[in-house]
Amino acid sequence: MTAATPTYRLEKSLGLIAIVASAVTQEYGAGINFVVIQSIGVYPAIRNLVPLAMFVTGVVIFLKVFLYARFSQAMPRAGSSYVWTVRALNLPLGFILHFVWWASITAAMGFIAFAFGNFLGNALIAAGISGGHAILTPLGHVVTGLAALWFIYGIHIAGIRDYGRLVTILLILVALTALAVCIIGFTTSPATFVSTAGARTGLTLTAPPHPGPFDAHAFLAVCTLFIFAYGGLSGAPALSGETRDAEHTMPRGILLAWVTSVILFTLVSAALLHAAPWWAAEALIKHKHANLVTAPGILGLAAPHDVAAVIGLIIALIVGKTLAPQMVVTSRMLFAWAEDDLLPPIFAQTSRRHAPVAALTLTVVLASLFLLQATYIGWAFGVVARSITILLVWLAVAVAALNLRLNPRFRTSPWSHPFRNSIFTIPIALLSIVVTLAFMRSVIILPHAPFYVQPLFQGGVMAIIGAVLYLRAKAAHPDLAETTASLPLE
């Protein structure tokens with residue numbers, strides 16, 4: 001810590017429900033409403049095993065949940081995995097890795113703001129509101145995306161209590177929407193969907209006489225794709241600095257959020273695949289009707305028009321709401337870096353409402369720029385690197401857990417107690433290393449993509465920027481190693 005301690009600090013006011021709500025609302029968005037069925041178009045051999053792949057992926061994610069819960073018990077701080085890896089491993093490595101992660105999440109916020117316009121515009125058109133066409137124009141995307149970003153920013157500026165109320169309401173909305181999707185999906189016969197989709201598109205949709213054998217490669221590939229649907233669990237510990245009794249509340253919140261997400265994701269994906277058979281979804285995607293096999297598209301064919309229109313609008317809101325917890329993650333990371341003297345002290349200062357205003361402002365400005373890039377260029381630099389950084393951060397956390405468990409240097413450190421007192425630390429950390437390395441093989445290079453959208457290239461560029469920032473901070477504060485030898489205040 002520096003001598004210039006901020007007057008106002010983070011407010012510890014959040015409870016268990018808010019932690020669960022923040023994690024689940026960050027997870028339940030475009031992934032479950034878009035990627036689930038679209039995965040059949042990428043890996044047709046997965047067939048009707050998509051719900052099983054979602055469940056198996058959720059079970060595998062428990063390895064990550066265990067580690068994050070343990071670290072949240074040992075080091076409940078706003079910087080979450082950044083603080084953990086820096087204290088248990090290495091400062092330059094921890095900062096540069098998390099800088100790339102932070103940049104990719106910030107870029108993803110701009111892309112989600114753009115996607116929100118897509119979902120909202122299409123939902124309005126489906127509801128018979130012609131204004132939806134205006135939202136789907138470039139200017140409409142910018143206006144809608146900026147409105148969403150700065151509205152969420154305003155809630156964060158108002159204080160963490162308002163954020164907690166917002167995500168709790170959104171969790172209820174997510175649960176009700178998932179329930180409605182399950183009811184409609186499980187009560188709609190596949191024949192009804194096939195008939196309606198065929199009439200809409202003019203295609204003849206028929207089941208293949210010989211689907212073919214089980215394809216283990218396709219199954220594992222889809223599991224890799226779904227690993228990122230559970231990414232919200234990585235963001236929950238960012239609220240540790242604002243949680244009451246964080247050492248006990250945060251681990252329970254992470255575990256409950258995981259259980260909730262696995263149940264919701266598995267049931268919703270099963271309901272969607274019940275209404276829309278895999279072979280029909282594959283044919284629709286192949287013939288350029290992928291919009292009909294998103295969650296709103298399937299409901300639009302399976303449910304009464306008014307019901308589908310209302311749910312479509314709610315799903316658009318659900319996609320946009322993921323901006324709120326992502327803004328927590330990015331702003332609190334900046335806050336933690338400032339606590340460690342890696343950024344100017346202003347980023348560790350908070351307002352009278354205990355909000356890190358400078359960190360939030362930088363986040364929303366950068367996300368707005370990424371929104372413009374996604375709108376007018378067609379892609380946002382850094383988004384694809386998120387696939388690698390999610391796995392790399394998980395890998396680093398696993399190695400950090402092993403170091404705390406096995407390194408004699410940490411034998412007397414209170415940070416190591418949750419790891420040394422559990423017989424599961426070593427096997428779960430080792431399994432996490434195996435899983436992350438295995439999954440990383442499928443996302444490290446995008447086939448048939450130009451170099452500038454490759455995760456390695458984008459991640460490398462951001463890593464260079466992170467290294468430059470670290471060296472500048474090191475030059476300004478030669479005692480950085482001493483600063484990070486102990487835990488930050490919050």
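Let's start with phenylalanine 71 and what surrounds it. Setting aside neighbours within four places in sequence, phenylalanine 71 is in contact with Pro76, Trp84, Val397, Ala400, Ala401, Leu404 and Phe419. Contact here means heavy atoms within 4.5 Å. Keep in mind that this is a predicted model, where local features need pLDDT of at least 70, side-chain atom pairs count only at pLDDT 80 or more, and totals for chains, interfaces and linings use all residues. Residues are numbered from 1 along each chain as its sequence is written, and side-chain values use heavy atoms, with hydrogens and water left out.

Is phenylalanine 71 buried or exposed? Buried, at 0% relative accessibility. The cut-offs: buried is under 20% relative accessible area, exposed is over 50%, and partly exposed is in between, with a 1.4 Å probe and protein chains only. Phenylalanine 419 is also at 0%, and counts as buried.

Now the rings. A pair of aromatic rings is described by the distance of the centres and the angle of the planes. Rings of Phe, Tyr and Trp (its six-membered ring) pair if their centres lie within 6.5 Å; planes under 30 degrees apart are stacked, over 60 edge-to-face, and the rest tilted. The count comes to 14 aromatic pairs. Phenylalanine 71 and phenylalanine 419 make a tilted one, at 4.5 Å centre to centre and 55 degrees between the planes. Phenylalanine 71 lies in helix H4 (residues 62–74) and phenylalanine 419 in helix H20 (residues 417–420), so this pair ties together parts 348 residues apart in sequence. Helices are DSSP runs (H or I, at least four residues), numbered from the N terminus.

Next pair. Tryptophan 150 and tyrosine 153 have ring centres 5.1 Å apart and planes at 70 degrees, so they are edge-to-face. They sit three residues apart in helix H8 (residues 138–158), about one helical turn. Tryptophan 150 is partly exposed at 37%, while tyrosine 153 is buried at 14%.

Helix H8 also holds histidine 156. Histidine 156 is buried, at 3%. Beyond four places in sequence, its contacts include Tyr163, Met327 and Leu360.

On to the core. A nonpolar core is a set of buried Ala, Val, Leu, Ile, Met, Phe, Trp, Tyr and Cys residues joined through side-chain atoms within 4.5 Å. How many residues does the largest one have? It has 163, and Phe71, Tyr82 and Trp337 are among those with the most contacts inside it. Helix H6 (residues 91–126) gives the largest share, 17 residues. Tyr82 and Trp337 also belong to one aromatic cluster, together with Phe95, Phe99 and Trp102.

Terms used:
Helix = DSSP H or I, 4+ residues; strand = E, 2+ residues; numbered from the N terminus.
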